[in-house]
Amino acid sequence: MDVLIILITLLIGAAATYFAGDKLASKVATFFSLAAFGLTLYISYLQSNGVEVGFTRPWIRVPNIQLSFLADGLSLTMVLLTTALAPIIILSTFKKVQNKAKSFYGLIMLMVFAMAGTFLSGDGLLYYIFWELSLIPIYFIALIWGGGEAEARKKDVVKFFIYTFAGSLFMLVAFVYLYQKTGSFLNYHFLRLHLNGTEQFWIFFAFFIAYAIKIPIIPFHTWQANVYQKAPTAGTMLLSGIMLKMAIYSIIRWQLPIAPAPAKEYMYPLIALCIAGVIYGSILALKQQDLKKLLAYSSLAHVGLIAAGVYTLTIDGLRGAVLQMVAHGFVVVGLFYAAEIIQRRYNTTEISEMGGIRVQTPRFTSMFMILVLASVALPSTFNFVGEFEVLYSLAQTNIWFAVLGGTTIILGAFYMLRMFQQVMLGEQNTKVFADVTFGEGFVFVLIIGVLLFFGLYPKPIVNFVSPVLENIILHINTSN
């Protein structure tokens, strides 16, 4: 058995979901997403025990393109994140009836397939195809099922699509140049190249534009908040929980090993830019009166810190970034789900129209509070593990980076706890807030369970990703 079975399952799942019809679409999507998660767990188990589960076969002779899928601790960890969140995201939509359900859930499954393909691809052009393919489903999900005024939504979604697509073209040019040097698009052939300083600079720059837009890193962030706000919550979960992780993963997998010299030379400006995003995102979050926009800018701050950890070029930075990617994926999905539940009851995301919910629903309040505390990296939660290691890597590079990066904890605690106070506490709201259903509570329990378990026992993930990250660091340090 190899990793190709995961992609086949997801692709068949996307087709089966669409052809199942509107009534069965959600159930079929849930079944195939759970099947993909189970297969990913099994293949990860095989890989960790030394079984070769990668897949490489010739595909196109001219140009030389291989069907190559990597299967190591890094790629499989990201696919585990993808396939674990997919059924949770699908389950979160069950109480909200979707128009054209077969198309909605079919597009979700297609997007999950594309994102998993991006994480697994070992051939540059195949990777680029999956990277761009993931844009198509989210474009239609946000455009058709999104909220807000139709024309404004269309404008924001088109901006997001054009912006990210245009940035990716720089990456494609880099791949074409590398192909001319090697006659192959395979990742390990690129790593054997001895590029001069000028070549590495332009390759690094091309990758950086594509990834900085997708993460996003300021000043490439202007598409994010409006799209997060206007997309349906499932779309926002896919974007924030998984899709932006494609870019941070790609920095580790593609950008740094292929062009390490500029990463070393411009380490300080790169880290400074990422930390500026942490502070900028936190300040914007402080000013928000819309719950989804506040969570969007909070996400901007957190991923800025993750990217800063990657650019330290230390094992602690890379490992902390991977841990934080997984933790952030779960907590941000949980927070946006909480916002969705409130929106369903109150038909608004304006914080000023909320308050006093705790009196009516103590269970929801407790679960929401745990997610808020995890978001601000409370010790014993999963986010603390990754954030601590990232901050430690920043301290190794320059203590002031750690001090400034640590503002994400201080500012994050302030605006998240203030938001919780304004939304949940106070006198009882005149609007009735129905308590969470069994299905809604089940989704929260799954997410909180992951955050607490790996917050107390992160060893399985640490052991799984460390060998490949150590090899990447070794390659970076021994390259000219």
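Rings of Phe, Tyr and Trp (its six-membered ring) are taken as a pair if their centres lie within 6.5 Å, with planes under 30 degrees apart counted as stacked, over 60 as edge-to-face and the rest as tilted. By that criterion, ring pairs link Y127, W131, F175, F190, F207, Y211 and W254 into a cluster, and the structure holds 39 aromatic pairs. This is a predicted model, in which local features need pLDDT of at least 70 and side-chain atom pairs count only at pLDDT 80 or more, while totals for chains, interfaces and linings use all residues. Residues are numbered from 1 along each chain as its sequence is written, and side-chain values use heavy atoms, with hydrogens and water left out.

- Y211, leaving aside its neighbours within four places in sequence, is in contact with Y127, W131, M171, A247, S250, I251, W254 and Q255, contact meaning heavy atoms within 4.5 Å.

**Helix 16**
- Helix 16 (residues 362-375) has 14 residues and reaches 20 Å from its first C-alpha to its last, close to the 20 Å expected at 1.5 Å a residue, a span taken as 1.5 Å times one less than the number of residues.
- Its buried residues (under 20% relative accessible area, 1.4 Å probe, protein chains only) include F364, F368 and L371.
- The buried residues of helix 16 pack against helix 14 (291-310), helix 15, helix 17 (382-397), helix 19 (407-424) and helix 20 (438-456).
- Just after helix 16, A377 takes a positive phi of about 65°.

**Helix 4**
- F104 and W145 form an edge-to-face aromatic pair, 5.2 Å centre to centre with 70° between the planes, and both residues are buried.
- Since F104 lies in helix 4 (residues 101-120) and W145 in helix 6 (residues 135-145), the pair ties together parts that are 41 residues apart in sequence.
- M109, also placed in helix 4, counts as buried at 0% relative accessibility.
- Not counting residues up to four places away in sequence, M109 touches L10, G13, A14, T17, A29, F32, S33 and I90.

Definitions and conventions:
Helix = DSSP H or I, 4+ residues; strand = E, 2+ residues; numbered from the N terminus. Buried < 20%, exposed > 50% of the residue type's maximum accessible area, 1.4 Å probe, protein only.
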